[in-house]
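Welcome! Open your viewer, get your selection tool ready, and follow along from stop to stop.

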Amino acid sequence: MIEVKIVGAGLAGCECALSLAKHGVKVKLFDMKPKKMSPAHHNTNFCELVCSNTLKSSSLEFAGGLLKEELSILDSEVLKSAKESAVGEGEALTVDRELFSQSVTKKILENKNITVVCEEVTKIDENELTVIATGPLTSDGLSKEIERLTGQELYFYDAIAPIVDAESINKEKTFVGDRWKDDGTDYVNCPLNEQEYKEFYDALVNAERVELKNFEQEKNFEGCLPVEVMAKRGFDVLRFGPMKPVGFKTQEKPYAVVQLRKENKIGSMLNLVGFQTNLKYAEQKRVFSLIPALKNAKFLRYGSMHRNSFINAPKFLTAQSNLKTHPNIFIAGQLSGVEGYTESIASGLLCAIFVLQYLGKMPKQKLSIKTCLGALSNYLVSANEVGFQPMHINWGLLAPINAPKDKKKEEMAKRAITEIKEFNKIWKD
Ligand SMILES: Cc1cc2nc3c(=O)[nH]c(=O)nc-3n(C[C@H](O)[C@H](O)[C@H](O)COP(=O)(O)OP(=O)(O)OC[C@H]3O[C@@H](n4cnc5c(N)ncnc54)[C@H](O)[C@@H]3O)c2cc1C
């Protein structure tokens, strides 16, 4: 009987193991805990939440809430444990982290189809069916092995830039155009005059930053400095860097320009180019809203900074989350390019679907981008290879819908739930 090796008993690895086991597949689950702990893991149980204890909102007003609903319909065991260990009665799914880890660990240890091995994995057998789900803090030994398999350094970033909803920007305060290219349409440019730049600059250099843990301070690439760090080097540094006002054929020469670049193919999400930051979220909203075009911008993702190993999914993964060069090796969780607790659980469940399909134990039906699960999985292969960054679920990843503005989210949620219920007919068998 075929046995699937899963490396990493975190959120993705546990969900993948439990889902496969439920479908009668034997699993050997490896984790280096408790013999060896990553710099952020401290608990001896599996499925540890390394930082905050919230899986965020369950409301269908948010894409994250819809993702949870989809996982619930597909009977995610890890999400069930989260609900069982919930604290408080608010909309957010906030959990008692000890109870949560204990609950998932118990399910793993009691499952007859799962064998647990406490060991650091540093070599991958290229002939074995393997899921690698070792997360953003994958041990150094395994990182090197993944680099050997893909032939490229594991991407590792310190800071990411915020993303705004394209519909929420003030288009009258922008102009479209690429620097140095007459007919370019890749960028939406947000100009600032001298006074606006001064106000923005003062707010930026005085804004509050998130404190970093020691292990996160290891690298600060000169080519990817947080915008506030650059700004502190001098008043004009940004005007010679990401905000340089040159190369455009505008009648009036702006004093500084912030460029927004499409984050997805349909252009519903825009990335603030070169604005990787470690400011606190509220400060990002306050400071970046001083850019006239972004006065009422809705932030789909805030910038953040921490250690994060992930592979360049669009380059190395197929749509089924396995390596293009080694179809028997699957990647799940944050390592595959998703971002966040719920997204990692979702990725574990998706990976179980893909493994079952690979084994011929399930029809090869695809989840469309009308669902959060399908949209998340689609992002990994359709995002830009250059500058690829992990992503958390948001409405901009889903297929657009033709509905009145105030009904859009509701209609998108209804559409996704109908599709997931349909998919569940083949999944639950
Ligand atoms: C410092 C930090 C803070 C974060 N805070 C949040 C947050 O507050 N909210 C949020 O939504 N997301 C947060 N994230 C992002 C992400 O959601 C979590 O990291 C999430 O736990 C990722 O799930 P995962 O299953 O991919 O990996 P993990 O849950 O990290 O699981 C990976 C498992 O693999 C094991 N492992 C690693 N290397 C090996 C090896 N070589 N052999 C065997 N086992 C190995 C580890 O021990 C671990 O148990 C944070 C990430 C980091 C790095």
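This is a predicted model: local features need pLDDT of at least 70, side-chain atom pairs count only at pLDDT 80 or more; totals for chains, interfaces and linings use all residues.

Residues are numbered from 1 along each chain as its sequence is written, and side-chain values use heavy atoms, leaving out hydrogens and water.

Select residues 11–22 for helix 1; this helix packs against helix 10 at an angle of about 35 degrees, with the axes 7 Å apart. Helices here are DSSP runs (H or I, at least four residues), numbered from the N terminus. Axes are lines fitted to C-alpha atoms over the stretch in contact, and angles run from 0 to 180 degrees between N-to-C directions.

Now show the side chains in contact (heavy atoms within 4.5 Å). On helix 1 they include Leu11, Ala12 and Glu15, and on helix 10 they include Tyr341, Ser344 and Ile345. By class, this contact has 11 nonpolar, three polar and one charged residues. Ala, Val, Leu, Ile, Met, Phe, Trp, Tyr, Cys and Pro count as nonpolar, Asp, Glu, Lys and Arg as charged, and the others, Gly among them, as polar.

**Stop two: helices 2 and 10**

Look for Leu67, Lys68 and Leu71 in helix 2, which meet residues of helix 10 including Thr342 and Glu343.

**Stop three: helices 6 and 8**

Select residues 194–206 and 281–288, helix 6 and helix 8, whose axes come within 9 Å and cross at roughly 165 degrees. Helix 6 and helix 8 are therefore roughly antiparallel, the term for angles over 145 degrees. Phe200, Ala203 and Leu204 of helix 6 touch Arg286, Val287 and Phe288 of helix 8.

**Last stop: the ligand**

Which residues come nearest to the ligand? Of the 32 residues around the ligand (a heavy atom within 4 Å), they are Asp31, Ser139, Gln334, Gly340 and Tyr341. Zoom in on the polar contacts, pairs of N or O atoms within 3.5 Å. A polar side-chain atom of Asp31 lies 2.7 Å from a ligand oxygen, and a side-chain N or O atom of Ser139 is 2.8 Å from a ligand nitrogen. Finally, a polar backbone atom of Ala12 is 2.9 Å from an oxygen atom of the ligand.

Conventions:
Helices (H or I, at least four residues) and strands (E, at least two) are DSSP runs, numbered from the N terminus. Angles under 35 degrees count as roughly parallel, over 145 as roughly antiparallel, 65 to 115 as roughly perpendicular and the rest as oblique. A polar contact is a pair of N or O atoms within 3.5 Å; within protein, one must be able to donate a hydrogen and the other to accept it, and residues adjacent in sequence count only if both atoms are side-chain atoms.
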